[in-house]
Amino acid sequence: MIEPVALQDFFLTFFSAAMVILCGALYALLFAYARVRRRQRLMPLAYLAYLGLVASVLVLAMAANLFATGFWTFIVMLMLIGYLLAPHAIWHLCVGTHAHDHPDQESGPYQKQS
Amino acid sequence: MSHTEWWASESFWRKTAIWVTAGSFVALIFLTLDSMSAITAGSTRVPAYSVINHRIDYVFDEKRNFQVPVIGVEEPLFDQTLTEAEAEALVSRGKLTTQAKNCMNCHTLLGNGAYYAPDLTKAWLDPSWGSKDVREQMMVDFLMNPQDRLHNGLGRRMPNLGITEGEARATVAFLKWMASIDTNGFPANFTPIDQSDPPADDASAANGSPIPQQGG
Amino acid sequence: MAMPGTLDSANLNGGQKLAVKYFTVALALFGAQIVFGLLAGIQYLKPDFLYGVLDFSVNRMVHINALVVWLLFGFIGSSYWLLEDEAGIPVVGLRLGNLVFWVFTLAVAVVVVVYLLVQIGPGDHSTLWLINEGREYIEAPRWADIGIVACVLAFFFNVAATFAKGRYTGIGGVLVLDLIALFGIYLAGMFYTPNISVDQYWWWWVIHLWVEATWEVLVGCLMAYGLMQTLGVRRKIVETWLYIEVALMFGSGILGLGHHYFWIGTPEYWFTIGGFFSALEPIPLVAMVVHSVFDSGTHNMKNNNHPALAWIIAHAFGNFFGAGVWGFMHTLPQINLYTHGTQWSASHGHFAFFGAYATLVIAFFYLALQKWRGNVWMSGGLAGAWRWKWALGLLNLGMVGMVMAMLVAGYEQSQIERAIEGSSWVGYFVAQAHPWFVQGMWWRQVFGWMFAAGFVLLVWDLLTLGRGERRPAQAHSESAPR
């Protein structure tokens with residue numbers, strides 16, 4: 001079940017949806033940059049971008065009537081939590097996958113690692 | 001040599017990639033099986049082809065919160081009541097014509113196609129045809145000789161595509177049938193052509209009868 | 001060894017010689033795509049232009065078919081390009097591969113000539129078999145469908161047999177499995193049904209699962225190879241990330257099919273599936289952002305092919321904005337109800353196809369050119385470098401301009417035609433006559449010409465860049481860990 005966007009909310013919908021992606025990317029960018037350059041001072045800016053994302057998601061949720069039903073409310077929650085954690089998870093994965101330092105083995109047999 | 005955590009290892013991600021892909025695909029197969037049964041002609045969402053023997057309307061449904069097609073009284077296309085097999089043959093010829101004439105590279109059907117000419121999803125119900133009594137013949141005439149007719153103020157015209165009378169009638173049948181598909185309220189806020197009968201028949205038109213379920 | 005700076009096939013291995021043939025045809029088809037796009041665009045402004053000779057439907061069909069085929073040729077060429085390097089042996093069945101290239105090219109030429117000269121046929125099966133199937137993007141008549149499948153099976157045999165006989169690398173494994181999916185899915189579009197809901201259901205299998213799943217993974221394989229070649233990134237890392245990408249892309253992409261099943265007659269549960277996977281859509285993009293920042297910080301890489309790298313950066317931005325931002329803006333059913341089938345779709349389609357795919361194939365053109373000329377210098381201080389820079393600028397600005405113009409037109413359409421006028425035909429034409437729409441179409445045309453100018457420069461550049469260059473390519477400094 002969906003509740004279509006009202007005419008006066010069209011612009012708000014497009015704009016906030018775009019801002020969700022842009023803020024999400026900015027948050028990821030600042031987060032990764034602060035970590036990789038070890039500039040902790042940048043980290044608050046990253047979370048500021050995430051706050052922008054939260055605001056955008058909430059505006060989108062209002063404009064697109066997402067709080068009208070349980071399922072779409074769940075999607076809103078998923079976005080808020082998922083986009084917060086995703087850069088952390090990906091960062092860990094970057095560190096983890098680049099961990100081992102021995103020379104490359106050209107397509108050598110697969111090594112079990114655990 | 002430092003070690004790699006299991007969750008960052010190549011083998012873990014290779015397996016994950018395989019399982020995610022396979023899992024998504026299996027889910028898609030099951031959804032496809034279910035969707036196929038829901039959209040086979042003769043189902044509740046996609047009526048049997050013989051629906052062209054009936055009036056088709058597009059009415060707001062409070063419970064579903066959007067407009068849905070309603071199958072009404074008997075109102076055969078070109079005044080000929082067709083059997084299911086005859087109706088399918090006619091609609092199929094119409095569908096073949098829409099493909100052979102490349103309709104989809106100017107128009108949209110169910111919203112898919114090109115954007116140079118109007119959407120055809122509810123072409124059968126469009127108010128532009130004026131009155132329901134002349135609609136069928138106007139559509140046939142238009143399809144056969146569109147080049148000289150009034151289209152719009154833009155100067156955009158449909159070209160003559162060499163559509164024969166048989167093809168034109170079949171195309172109208174296809175368009176009428178397509179208007180009966182339950183598209184979850186697309187297009188929204190659409191005002192269909194006035195199909196009401198003289199006052200005496202009003203009650204039956206408004207109620208409608210259930211969608212024919214046979215055949216497909 | 002040939003003189004550096006001249007095009008000499010002695011510089012290429014067998015697969016690469018075949019690859020440059022595919023690239024040449026791809027570039028020609030890219031040109032055709034632009035020409036027919038311009039013609040169709042003019043018809044929005046002057047509807048009588050070529051009316052009854054080359055109608056909008058014909059121009060638009062050639063425009064989108066050329067797109068699909070040039071990208072496909074680019075992908076096939078790129079696969080042949082990396083095949084021998086990856087597998088470590090010459091291509092198995094290369095003579096067959098060469099033969100198939102000529103058959104494939106000839107078939108494409110015949111299909112286009114029939115599109116242009118015959119255009120349409122009677123409303124029966126003969127038209128679908130011989131002239132035009134009339135289904136957007138996969139209009140190719142059925143004989144050509146069968147021919148495409150045969151050609152592609154031969155291509156698949158080349159790839160699979162070469163990997164099987166040589167080394168089966170991680171990239172090779174993903175590539176082979178992806179090609180099976182790519183061509184298996186094409187079969188889903190090769191049948192006729194009178195039921196348009198069933199028709200569009202399977203039609204989206206082909207279109208969506210190609211464009212938003214298998215093509216993405218194919219590009220992932222090409223990028224993985226490119227990263228190892230141009231930046232010297234270690235194989236193990238590259239392949240682990242390829243698997244991560246496959247998991248993310250197929251995980252969000254396969255059931256992302258749901259967002260095409262809102263309005264074609266399919267059940268309402270597709271709203272929830274489409275909505276859920278639309279929310280997952282940005283995750284691969286986030287992964288890309290974090291990972292590329294991580295890489296740029298931990299490795300001190302020197303790039304030996306500036307034009308290729310510039311196009312890869314264009315790819316990153318184009319993919320992010322075209323697929324990510326533009327997609328998310330109108331993917332939720334609550335708003336898609338009003339944007340589906342308007343210039344919104346056209347704006348998103350142009351941006352995403354160009355950003356995600358065209359840019360990357362162009363990057364491969366430059367990689368191929370460098371090797372073809374004898375692995376010459378293509379870093380800073382290159383003679384005539386203004387050409388590739390201007391080509392890059394004009395193509396990208398032209399595209400962004402077109403996309404913005406269509407966005408304005410689509411925004412107006414979604415409001416006036418859809419929301420206010422309720423999608424009636426009168427509403428459609430009222431919206432088409434609105435100044436925002438009309439001016440949008442003019443601006444689209446202006447930027448289309450800019451794009452075309454960029455293409456001309458691109459061709460000129462590909463013919464001349466590095467000619468007479470004697471310096472060898474800059475060596476990559478091996479990645480220096482932190």
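Trainee: What is the mean pLDDT of chain C?
Mentor: This is a predicted model, in which local features need pLDDT of at least 70 and side-chain atom pairs count only at pLDDT 80 or more, while totals for chains, interfaces and linings use all residues. Residues are numbered from 1 along each chain as its sequence is written, with chains lettered from A and ligands numbered from 1 in the order in which they are written. pLDDT is the predictor's confidence in each residue, from 0 to 100. In chain C, 97% of the residues reach 70 or more, and the mean is 93.

Trainee: Over which residues of chain C is the pLDDT below 50?
Mentor: Beyond near neighbours in sequence, that stretch has 10 contacts in the model, a contact being two residues whose C-beta atoms, placed from the backbone, lie within 7 Å. The stretch below 50 is residues 478-482.

Trainee: And what ipTM does the model score?
Mentor: The model's pTM is 0.93. Its ipTM is 0.93.

Trainee: What is the radius of gyration of chain C?
Mentor: Chain C has 16 helices and 0 strands; helices (H or I, at least four residues) and strands (E, at least two) are DSSP runs, numbered from the N terminus. The radius of gyration is taken over C-alpha atoms, and the globule rule is 2.2 Å times the number of residues to the power 0.38. That rule gives 23 Å for 482 residues, so chain C is as compact as a globular protein of that length, with a radius of gyration of 22 Å.

Trainee: Which helix gives the largest share of the side of domain 1 of chain C that touches domain 3 of chain C?
Mentor: An automatic or database domain assignment sets the bounds, giving domain 1 (7-167), domain 2 (169-298) and domain 3 (321-482) in chain C. The contact takes 24 residues from domain 1 of chain C and 19 residues from domain 3 of chain C. On the domain 1 side, α1 (14-45) and α2 (56-87) of chain C each supply at least two residues. The largest share, 15 residues, comes from α1(C).

Trainee: Which element gives the most to the side of chain C that touches chain B?
Mentor: Here 66 residues of chain C are in contact with 69 residues of chain B. The elements giving two or more residues to the chain C side include α7 (196-231) and α8 (235-253) of chain C. With 9 residues, the one that gives the most is α8(C).

Trainee: Is B:Arg157 buried, exposed or partly exposed?
Mentor: B:Arg157 lies in the loop between α3 (132-144) and α4 (165-178) of chain B, and among the residues it touches are B:His151, C:Pro47 and C:Tyr51. A residue is buried if 20 or more other C-beta atoms, placed from the backbone, lie within 10 Å of its own, exposed if 12 or fewer, and partly exposed in between. Because B:Arg157 has 19 C-beta neighbours inside 10 Å, B:Arg157 counts as partly exposed.

Terms used
Lists of a residue's contacts leave out its neighbours within four places in sequence.
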